[in-house]
Amino acid sequence: MTLATFNALSNAEMFDAIFACCGCSSWAIMLIGNRPFDSVDELKTLSDDIWNNETQESDWLEAFTHHPKIGDVASLTKKFASTAAWASGEQSGVNTASNLTIEALAKGNTDYEQKFGFIFIVCATGKSAEEILQLLENRLPNDKNTELQIAKNEQNKITHLRIDKLFA
């Protein structure tokens, strides 16, 4: 999609397009309220400003619910059909993982979700399953507030990648 095409979308169409990049309703609405955009960089800068200064915990948690668990193929195909291709590519490092690593990721994801109340969020692009597992294990000892900030920042990295994909 070109920037001109994006700027010409109706509010509903733009909401759908931008919501696929980050599943946070208030963020998407605030971003749309600042159209038209002169460049993709301007869109990303504004996105960052809104995400970092105008959203709160409930918004971040909403966005996290729009991600499948790392390696969860079933949820990729069902609940996340609209972003499955993006998420699948972002998590492609898990595709070649050993069964032992997959099992450790599954257990780690369960432990993480039980401790923090939301799924493990990581910008997985370019990372192997072993690297993702190490990140998960390193983050498990965090307190909830620290982990919320890390997850929020990881979500923002994912949003940037998806905005780039939107205009690719």
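How many helices and how many strands are there in the chain? The chain has 10 helices and zero strands, where helices (H or I, at least four residues) and strands (E, at least two) are DSSP runs numbered from the N terminus. The model is predicted, so that local features need pLDDT of at least 70 and side-chain atom pairs count only at pLDDT 80 or more, while totals for chains, interfaces and linings use all residues. Residues are numbered from 1 along each chain as its sequence is written, and side-chain values use heavy atoms, with hydrogens and water left out.

**Figure 1. Overview of the chain.** From the N terminus on, the elements run α-α-α-α-α-α-α-α-α-α. Of the 168 residues in the chain, 45% are buried, buried meaning under 20% relative accessible area, exposed over 50%, and partly exposed in between (1.4 Å probe, protein chains only). Among the contacts in the chain with a separation of 6 or more, 68% are made by residues 24 or more positions apart, a contact being heavy atoms within 4.5 Å.

**Figure 2. The largest nonpolar core.** This core has 44 residues, and those with the most contacts inside it are Phe-6, Ile-18, Trp-27, Leu-31, Phe-37 and Tyr-112; a nonpolar core is a set of buried Ala, Val, Leu, Ile, Met, Phe, Trp, Tyr and Cys residues joined through side-chain atoms within 4.5 Å. At least two residues of this core are supplied by each of helix 1 (3-8), helix 2 (11-19), helix 3 (25-32), helix 4 (40-53), helix 5 (57-64), helix 8 (99-116), helix 9 (129-139) and helix 10 (144-166). Helix 10 gives the largest share of this core, five residues. In helix 2 the buried residues are Met-14, Ala-17, Ile-18 and Phe-19, and what covers them includes helix 1, helix 3, helix 5 and helix 10.

Figure 3. The axes of helix 3 and helix 4 come within 10 Å and cross at roughly 135°, axes being lines fitted to C-alpha atoms, for helices over the stretch in contact, with angles running from 0 to 180 degrees between N-to-C directions. The two helices, helix 3 and helix 4, are therefore oblique to each other, since angles under 35 degrees count as roughly parallel, over 145 as roughly antiparallel, 65 to 115 as roughly perpendicular and the rest as oblique. Trp-27, Met-30 and Leu-31 of helix 3 make the contact with Leu-43, Leu-46, Ser-47, Ile-50 and Trp-51 of helix 4. Leaving aside residues up to four places away in sequence, Leu-31 touches Ile-18, Phe-37, Leu-43, Leu-46, Ser-47 and Ile-50. Pro-36 lies in the loop between helix 3 and helix 4, and a cis peptide bond, with omega about 0°, joins Arg-35 to Pro-36.

**Figure 4. Helix 4 against helix 10.** Helix 4 and helix 10 pack with their axes 11 Å apart and at an angle of about 160°, which makes helix 4 roughly antiparallel to helix 10. On the helix 4 side, Val-40, Leu-43, Lys-44, Ser-47, Asp-48, Trp-51 and Asn-52 meet Lys-152, Asn-153, Gln-155, Asn-156, Thr-159, His-160, Ile-163 and Asp-164 in helix 10.

Figure 5. Thr-101, Ala-104, Leu-105, Gly-108, Asn-109, Tyr-112 and Phe-116 of helix 8 make the contact with Ala-129, Glu-130, Ile-132, Leu-133, Leu-136 and Arg-139 of helix 9. Asp-111, in helix 8, counts as partly exposed at 28% relative accessibility, and its C-alpha atom is separated by 9.9 Å from that of Leu-136, 25 residues apart along the chain. Ile-119, in the loop between helix 8 and helix 9, is buried with a relative accessible area of 11%. Not counting residues up to four places away in sequence, Ile-119 touches Phe-64, His-67, Pro-68, Lys-69, Tyr-112 and Glu-113; Ile-119 and Pro-68 are 51 residues apart in sequence and 8.2 Å apart in space, C-alpha to C-alpha.

**Figure 6. Cysteines without a disulfide.** The structure holds zero disulfides, a disulfide being a pair of cysteine sulfur atoms within 2.5 Å. For Cys-24 the closest cysteine sulfur, in Cys-22, is 5.4 Å from its own sulfur, too far for a bond. Cys-24 is buried, with a relative accessible area of 0%, and Cys-123 is buried with a relative accessible area of 8%.
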